Number of protein chains: 4
Amino acid sequence: MANGETVTTIRVRYSETDQMGTFYNARALEWLECGRNEHFRTIGLPYTEVESRGVFLPIIEAHIRYRGRARYDDELQVVTRAAMSGNARVRFDARICHRASGAPVVEGYTIHACTGGSGRPIRPPDWFVDALGGRPPRAS
Amino acid sequence: MANGETVTTIRVRYSETDQMGTFYNARALEWLECGRNEHFRTIGLPYTEVESRGVFLPIIEAHIRYRGRARYDDELQVVTRAAMSGNARVRFDARICHRASGAPVVEGYTIHACTGGSGRPIRPPDWFVDALGGRPPRAS
Amino acid sequence: MANGETVTTIRVRYSETDQMGTFYNARALEWLECGRNEHFRTIGLPYTEVESRGVFLPIIEAHIRYRGRARYDDELQVVTRAAMSGNARVRFDARICHRASGAPVVEGYTIHACTGGSGRPIRPPDWFVDALGGRPPRAS
Amino acid sequence: MANGETVTTIRVRYSETDQMGTFYNARALEWLECGRNEHFRTIGLPYTEVESRGVFLPIIEAHIRYRGRARYDDELQVVTRAAMSGNARVRFDARICHRASGAPVVEGYTIHACTGGSGRPIRPPDWFVDALGGRPPRAS
């Protein structure tokens, strides 16, 4: 299941609502992170271990489409997959939908660099790349 | 200055940092909102007034590029501009940089629908469109 | 189990850490809310239903003791109980500890007023008071 | 003015509201931190410098009374003072009120331990204690 999809269930917190009565837009990025976290655990490489082995994944790009409302206490599913993007980046694609109805809430992706603890870019080690499903095929 | 750029100064809060020692990625969306808020006030149409006159601007898309680090207590500038995008959408472009050095931190945009209080899409009224610099020219 | 303790399990999110490497202090109040939410569901009265039946519980006081560290990805348990406090207030007591070791993280309480939708204090209806275990005995 | 009160002005962000239409309760703790930050700068000892000189101030207790509503875009003032509490703790007292009317929003305090970078309690150095107004008189 190294490169499959991981499903994470969350419940909209009161603190995540805003005065429009739906979730505040920045929370979507926090939910995507919950999805990444669970995805790493599912592929056998908890992100705490990634960092403790000296690989950090600072975000360099994020894109979100807001597809539908979600309200306080709604149960949502974050569906996440990941793949290397080039030699030194990781891309996560995610969609968030209502657990019961499947109605879409958010779609998006984030792209992350691979760095060492000092913030300097590194070529990610094999144990990391392998867990993410390997390097992408080279364009010929 | 109705359609120029608005500069908003913020300071990175301790609550906005994460264990990597820089700001947590979702905070960028909150800072973009601070920029939109100040931009509306600057063009003479505080967003509180927009909502009290019955126009809401739920976000439908966001894109962020993370360009550099920012740490606790750093002073940042959010530079924001806005324009109608088609007949019923508003697009805000923003860049965030360090106040002292100008070093880039974030670049991004958000796109917002225009709705009434019930969440139903509306064609935005003239007072709103005019404040945003008018409708875009039609492609011929 | 109307007036027992409810146990809610949460996992510390990356977004909840700060540069000190532990959770940011304000997150404790958000976790207490997760506990209240789950407690209401457990006693058969989801808080969404409380609000939809016209009872709101704005917070009027909070007290937190920080007892220990918790780090990104740690699993925590929020143990919550609730009782009427006087005729028109509700008090929630909570403690948060590490799921595996039981080591304490946070202890605290919040006190909430009962209001109608307009924010005006109300005497809470019987269905609400009964779910919370009834009115406290009067001092003689 | 080493030990006087510091006034910090903030504006309620959209992200700080919740579906009740006022600020979400945990934001109060973030605002208190904004006040502490500004207070340290005002007494000539920015908190970034405190940490870079090896003194950390993890929170050990917080108490908040919610005194009134504040809505999106309201301008608030955080009035903060600080003093040593015993030999190795610092206590900050704060009140938050509406800038225009002075109407109260929040009153509270936080108590912080003094630790080194490893999290171990330390007796705070003189430069720190002096900036905070000195050690409290000993009870006789």
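Buried area is the accessible area, taken with a 1.4 Å probe, that two parts lose on being put together, summed over both. The structure described here is a predicted model.

**Chains A and B**

Chain B and chain A bury about 2000 Å² between them. Of that area, 52% lies on carbon and sulfur atoms. On the chain B side, Met20(B), Leu29(B) and Tyr66(B) lose the most area to chain A. Together they account for 25% of what that side buries. In terms of contacts, 24 residues of chain B meet 24 residues of chain A.

**A helix in chain A**

Helix H1 of chain A runs through residues 27-42 and has 16 residues. From first C-alpha to last, H1(A) reaches 23 Å, close to the 22 Å expected at 1.5 Å a residue. H1(A) is mostly covered, with 13 of its 16 residues buried. After H1(A) comes Gly44(A), which has a positive phi, near 85 degrees.

Ten strands form an open sheet with antiparallel pairing. Their order is S1(C)-S3(C)-S4(C)-S5(C)-S2(C)-S2(D)-S5(D)-S4(D)-S3(D)-S1(D). The edge strands are S1 (6-11) of chain C and S1 (6-11) of chain D, and each pairs on one side only. On average, neighbouring strands of this sheet are turned by 20 degrees against each other, direction ignored.

Helix H1 (residues 27-42) of chain D packs on the sheet. H1(D) touches S2 of chain C, along with S1, S2, S3, S4 and S5 of chain D. The direction of H1(D) makes about 60 degrees with that of S3(D).

Within chain C, strand S3 (residues 75-84) and strand S4 (residues 89-98) pair in the antiparallel sense over nine bridges. Arg81(C) has Asp93(C), in S4(C), as its bridge partner.

**His63 of chain C**

His63(C) sits in strand S2 (residues 59-66) of chain C. Is His63(C) buried or exposed? His63(C) counts as buried because its relative accessible area is 10%, and buried means under 20%. The side chain of His63(C) makes polar contacts with two side chains of chain D, listed here.

| Side chain | Partner side chain | Distance |
|---|---|---|
| His63(C) | Glu61(D) | 3.4 Å |
| His63(C) | His63(D) | 3.1 Å |

Leaving aside residues up to four places away in sequence, His63(C) touches Glu107(C), Gly108(C) and Tyr109(C) in chain C. In chain D, His63(C) touches Glu61(D), Ala62(D), His63(D) and Tyr109(D).

Methods. Residues numbered from 1 in each chain as written. Chains lettered and ligands numbered in written order. Predicted model: local features only at pLDDT ≥ 70, side-chain atom pairs only at ≥ 80, totals over all residues. Heavy atoms only, no water. Helix = DSSP H or I, 4+ residues; strand = E, 2+ residues; numbered from the N terminus. Expected span 1.5 Å × (residues − 1). Buried < 20%, exposed > 50% of the residue type's maximum accessible area, 1.4 Å probe, protein only. Polar contact = N/O pair within 3.5 Å; in protein donor to acceptor, adjacent residues only side chain to side chain. Contact = heavy atoms within 4.5 Å. Pairing = 2+ DSSP bridges. Axes fitted to C-alpha atoms, helices over the stretch in contact; angles between N-to-C directions.
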